[in-house]
Amino acid sequence: MKLSILDQSPISTGATAQDALNASLELAKLADSLGYTRYWVAEHHDLPGLAGSVPEIMLSYIGSQTGRIRLGAGAILLPHYRPYKVAETFNLLGTLFPGRIDLGIGRAPGGSAEASLALSGNYLEGVRQMPEAMDELLSFLYKGFPDNHMYANVTPAPVPPIPPLPWLLGTSEKSAKLAAINGTAYAFGQFMSDQNGADIIKTYKEEFRKKQNGADGKALITVSVICAETTEQAEAVASSQFLWKLQSESGNRSSIPTMDEARDYSYSAEDYEKIDKMRTNMIIGNPNIVKEKLNELAENYEVDEIMIVTITHDYQARLTSYRLISDLI
């Protein structure tokens, strides 16, 4: 099984956004040394506790200090942007780091309605035009415009020796079908979906149309995982994420709380119900439990690659989790 990482650059209580971004660099360097396949950086806008708003800048920073691991966006939120600019940006990354760049595309807003309005004006119109924007983006990357098209002679320079590998990220059958029609690889966000992901990936594979971008029906799933030497330790580490999500929902949190804060917090019955629901999309445990659960997911979804997202207050605990996981497969 291949293992990869999705990083949301969480900001811990007592830390700064710069600390969070530096921690992301350290995690990427560790992942490079441990043999992880990909390292993707998420895009979020004005969301409390998350520092990553411009993946392409972080990717250039990380790429300059790693040597092997594939790097990508998880994801560039296409409804906010013109396809040509995205193609230029990732062609430049592909020129700097040949054969290492993935271009993950998503359609989520990535922030509040106000942030979306400030970013692109009419986000909903961008969502409506997503299929056309995907087609245009792929045509720029792979010279797919017909000769009589107005963009036929427009090049998103510089052109890298190996084009970025396009991925579509999603949590629904609609996104799977769009990926299949366009011949892109597909990443299913299991960690933030209550849909039947195995059926969605099956639909993607059944409807996949091979194109020139080299995706070949590739699919992966993204899973939230926290691993520690003991399950008790893993549960303690995970408590910070649970409290952060609870407080973020109510608008009362801007950073990842400490484990002490999580331990001492007065939870309501409703809070415990919400935490139980969060657990359904997470793997928390010692290395043996994590290995068993990851293998079960890979078999159920019929994928050979799992991307892992891990949010902890303690950046060292996050490094330890990924280090332990890398020893499992």
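Predicted model: local features only at pLDDT ≥ 70, side-chain atom pairs only at ≥ 80, totals over all residues.

Colleague: What makes helix 2 and helix 3 roughly parallel?

Modeller: The axes of helix 2 (residues 55–63) and helix 3 (residues 83–96) cross at roughly 5° and come within 11 Å. Angles under 35 degrees count as roughly parallel, so helix 2 is roughly parallel to helix 3. Helix 2 brings Glu56, Leu59 and Ser60 to the contact, and helix 3 brings Thr89, Phe90 and Leu93. By class, the residues of this contact are three nonpolar, two polar and one charged.

Colleague: Why is Leu78 called buried?

Modeller: Buried means under 20% relative accessible area. Leu78 has a relative accessible area of 1%, and is therefore buried. Its place is in the loop between strand 4 and helix 3.

Colleague: Which residues are in contact with Leu78, leaving aside its neighbours within four places in sequence?

Modeller: Leu78 is in contact with Pro83, Val86, Ile105, Gly106, Met130, Ala133, Met134 and Leu137. As for Ala133, its C-alpha atom is separated from that of Leu78 by 7.6 Å, although the two residues are 55 apart along the chain.

Colleague: How do you know that Pro166 counts as buried?

Modeller: The relative accessibility of Pro166 is 4%. Since the cut-off for buried is under 20%, Pro166 counts as buried. Pro166 is placed in strand 6. Leaving aside neighbours within four places in sequence, Pro166 is in contact with Leu103, Leu138, Tyr142, Thr184, Ala185 and Asn213. Pro166 and Pro55 are 15 Å apart in space, C-alpha to C-alpha, and 111 residues apart in sequence.

Colleague: Which residues of helix 8 are buried, and what covers them?

Modeller: In helix 8 (residues 197–207) the buried residues are Gly197, Ala198, Ile200, Ile201, Thr203 and Tyr204. The elements covering the buried residues of helix 8 include helix 7 (173–182), strand 7 (185–188), strand 8 (219–227) and helix 12 (287–301).

Colleague: What makes Lys143 exposed?

Modeller: Exposed means over 50% relative accessible area. At 62%, Lys143 therefore counts as exposed. Lys143 is found in the loop between helix 6 and strand 6, and its phi, near 50°, is a positive value in a residue other than glycine.

Colleague: Which peptide bonds are cis, and what are their omega values?

Modeller: One of them is the bond from Gly74 to Ala75, with omega near 15°. Ala75 is in the loop between strand 3 (70–73) and strand 4 (76–77). Another cis peptide bond runs from Ala157 to Pro158, with omega near 0°. Pro158 belongs to the loop between helix 6 and strand 6 (165–170).

Colleague: How many cavities of 30 Å³ or more are there, and how much space lies in the largest?

Modeller: The count comes to one cavity of 30 Å³ or more, and about 40 Å³ of space lies in the largest cavity. Residues lining the largest cavity include Arg70, Phe97, Arg100, Ile101 and Ile162. By class, the lining has six nonpolar, two polar and two charged residues.

Colleague: What lines the second largest pocket?

Modeller: The second largest pocket is lined by 14 residues, with Tyr81, Arg82, Pro83, Gln129 and Ala133 nearest its centre. Helix 5 (123–128) and helix 6 (130–142) are the elements that give two or more residues to this lining. Helix 6 supplies the largest share, three residues. The lining divides into five nonpolar, five polar and four charged residues, and about 240 Å³ of space lies in the pocket.

How values were computed:
Residues numbered from 1 in each chain as written. Heavy atoms only, no water. Axes fitted to C-alpha atoms, helices over the stretch in contact; angles between N-to-C directions. Helix = DSSP H or I, 4+ residues; strand = E, 2+ residues; numbered from the N terminus. Parallel < 35°, antiparallel > 145°, perpendicular 65-115°, else oblique. Contact = heavy atoms within 4.5 Å. Nonpolar A, V, L, I, M, F, W, Y, C, P; charged D, E, K, R; others polar. 1 Å grid on protein atoms, 1.4 Å probe; cavity = no way out; pocket = protein on both sides within 12 Å on 5 of 7 lines; lining within 4 Å. Points joined across faces, edges and corners; volume = space filled by probe spheres on them. Buried < 20%, exposed > 50% of the residue type's maximum accessible area, 1.4 Å probe, protein only.
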